[in-house]
Amino acid sequence: MAFLRCASRLPLQRISAWRRAGTTIRTERSSACLDHRPRYITTARPARQAEPISAFHSQIESVSPELLSRSTTAPTTPQTLTEKIVQRYSLDLAEGKVVKSGDYVTLSPHKCMTHDNSWPVATKFMSIGASKIHDRYQIVMTLDHDVQNKSEKNLKKYSQIENFAKDQGVDFYPAGRGIGHQIMVEEGYAWPGTLAVASDSHTNMYGGVGCLGTPVVRTDAASIWATGRTWWQIPPIAKVTLTGVLPIGVTGKDVIVALCGLFNNDEVLNHAIEFTGTEETMRTLPVDDRLAIANMTTEWGALSGLFPIDNILKGWLRAKATDASIFGTASQTASPTTLRFNHERLNDLFDAPLAADKGAKYAKELFLDLSTLPPYVSGPNSVKVATPLSELEAQDIKVNKAYLVSCTNSRRSDIAAAAKVFKDAAKANDGKIPKIASGVNFYIAAASLPEQQAAIEQGDWQALVEAGAQELPSGCGPCLANTDAKAYLASPEVVAASALQGKIAGPGWFTKQEGWEGVTRGEGGYTTLSMEDALEKLNADADAAISAAEAKLSPASEDTADSKSATKSLTPILPGFPAKVTGEILWCNADNINTDAIYPGKYTYDDAFSSSPEKMATVTMENYDPAFSGIAKKGDILVSGFNFGCGSSREQAATAVLAKGIPMVVAGSFGNIFSRNSINNALMGVEVPRLIERLRAAFPALSVSSSPASKKPPAITEPEQNTQSLDSPPPAPLSTAASDLTIRTGWTFTWDVARSEVVVKEGEDGEEWKQSVGELPPNVQDIIAQGGLEGWVRKELAGGK
């Protein structure tokens, strides 16, 4: 069975038309035409005037005391846009501190959204002794994940969330109003230049409007509710430069599908992404396209996907503010839209726009020439597989179900694009909208009620219904579907055309360039720079290459290379917090060790077992190496490969390591949820990719065992209660040595917290080398010292004692 979908949830389970946030459709009376300019759709809404606001614009949006106390001094060190935004929302920074990638910071996000998991968050919130939300203007609650579930249990949960929101006085959006991420954007909570978090992996979507959006776990959300704060480690930042002009018939969905498939070796895994390009290029990407691209950076493996605050966005914002002032309607459960979308506030934003500094450093740079991009399709069943539409059309792949749903691609422009497929076909059918192909079920759901209403007013929604599409309520349900289906992801018009023809097909709007030889893309940024900038980058890269070569030839030479660390200011250490953490390296030579390998799922919801550190210690890493428990010793430093802790959100993966007496984990990289759960539960962790290279050279694996790329990865053992907690994208197959899974190396690892560096001694007679790492400031030390985030919140609620 094949499915085509326009959504963007992890396992691609159907061919569905993900809303095409790219190519826009402008409806002009009887004809609709594709247009690459932003659409400003005037709809025939009731001419109800918004209530006048009797407040200065500086008073319109409630400002937290923490924000008012932040330093406004502009850093002189070049920063990326991500770093600049984080700088704004970081608390308790040392005087003159300029935040950079790798640093741990205490954040007070501008907004925090929770959805159906609001009640579990509320339960945790109350369990740590909190009763009143710290800043009700900081919090937004939506119901969107299980809106079709009318069971008594689910309705009770929804009622509990609504009553809690009402009692706390926070903005609340009931089931059916829209998908939470769409609400955050269309209601102005996700604001350009601010930082917003949500307890959902697709928070990246806010980057489409220049808002740094990133996911948090439930414990983080409870902490924000109680104190207004949580912590964050600034991830490595990747710059993706877009060039050229997007061809007619190619959409923003095609851009992100191509990026996922063409850069499919985890190039941006756990990175923050910044998209950039010339004004000419960015004009071909309207805001709807940007939202689709930013949304699916989650599937690409990134933690955020940020677009610039440019003229295209400014025009969209002005239109939203005007629309809100003319047609704004009151809500019984949330504050008026005009409190957020108004021209006075936009004047302030545009007077001091944020942008990345020239000379800002990025962990990596990728580029993609949009002018060489044809329509693309993801799948089957993996975004790492992307194929030009023309190749799949030639294969005559039958479609059983088609979906135009989700927060990625079901805004009015996406619905209009899908409707145009049927309207065009009607011209050859005596003006009648043709029916979808026999044997195909076509489902549609708008991203929100306002988007659906706009589509109805344009006549697009009715066209799809007349064609035989089945209407669903606005929500996330269709994206949480059968993992056994053969699924593909495509743009809205490709999904619509496939539903019409009964096989994967396009609408015929794209014309391949003569002499086309493939998509132009690559790593590095030279092809996208001016001559002056290219020379500057060349000098910087040459210096970095020389330093890296010297370090590689002689590990000990890093003592000299990092000699600056001896003179740089030291990080203050809290009384009682260890200035150094040291131990023998326990080497687990594998990548993609998921949370089920660290702590087996069969114990996760066994409260009697999981509440006993002694019992947990006996099964730590059991599904990776049954012999681990007998090899590991208290005080060891666990070191593993890349993407350690991928998989589900179970906190026991972190607490089980602590139960074994291991105070710290070192990896080439961590799964994001595990990384957050580690600090939240007082487990220290640091990424040192170079150490992984050195260990693999010194302790080569006899053979490597991994699941072939062509085969379906083995399923993660997940208890029923944990079915919706998996990372997105799903973890890759475990790749590990066939023998000696756990090795006592005789090497020692030391994290010098005060100097923000690690020291590795390669055996008793081996070399010693050092490497700088991100700063662990006192406020994050305090979280670890209190036994984790919950303990820290309890201390704060008790007055900091």
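P380 sits in the loop between strand 17 (376-378) and strand 18 (386-388); helices (H or I, at least four residues) and strands (E, at least two) are DSSP runs, numbered from the N terminus. The peptide bond leading from G379 into P380 is cis, with omega near 10°. Most peptide bonds are trans, and most residues other than glycine have a negative phi.

A quick word on the background. This is a predicted model, where local features need pLDDT of at least 70, side-chain atom pairs count only at pLDDT 80 or more, and totals for chains, interfaces and linings use all residues. Residues are numbered from 1 along each chain as its sequence is written, and side-chain values use heavy atoms, leaving out hydrogens and water.

Now for two asparagines with a positive phi. N270 has a phi of about 60° and lies in the loop between helix 8 (252-262) and strand 14 (272-277). N270 is buried, with a relative accessible area of 10%; buried means under 20%, exposed over 50%, and partly exposed in between (1.4 Å probe, protein chains only). N643 also has a positive phi of about 60°, and its loop runs between strand 26 (637-640) and helix 26 (652-659). N643 counts as buried too, at 8% relative accessibility.

Next, look for an open sheet of five strands, in the order 9-8-7-10-11 with parallel pairing. Strand 9 (171-173) and strand 11 (212-215) are at the edges with a single partner strand each, so one side of each has no neighbour in the sheet. Two strands pair if DSSP finds at least two bridges between them; strand 10 (residues 195-198) and strand 11 have four, in the parallel sense.
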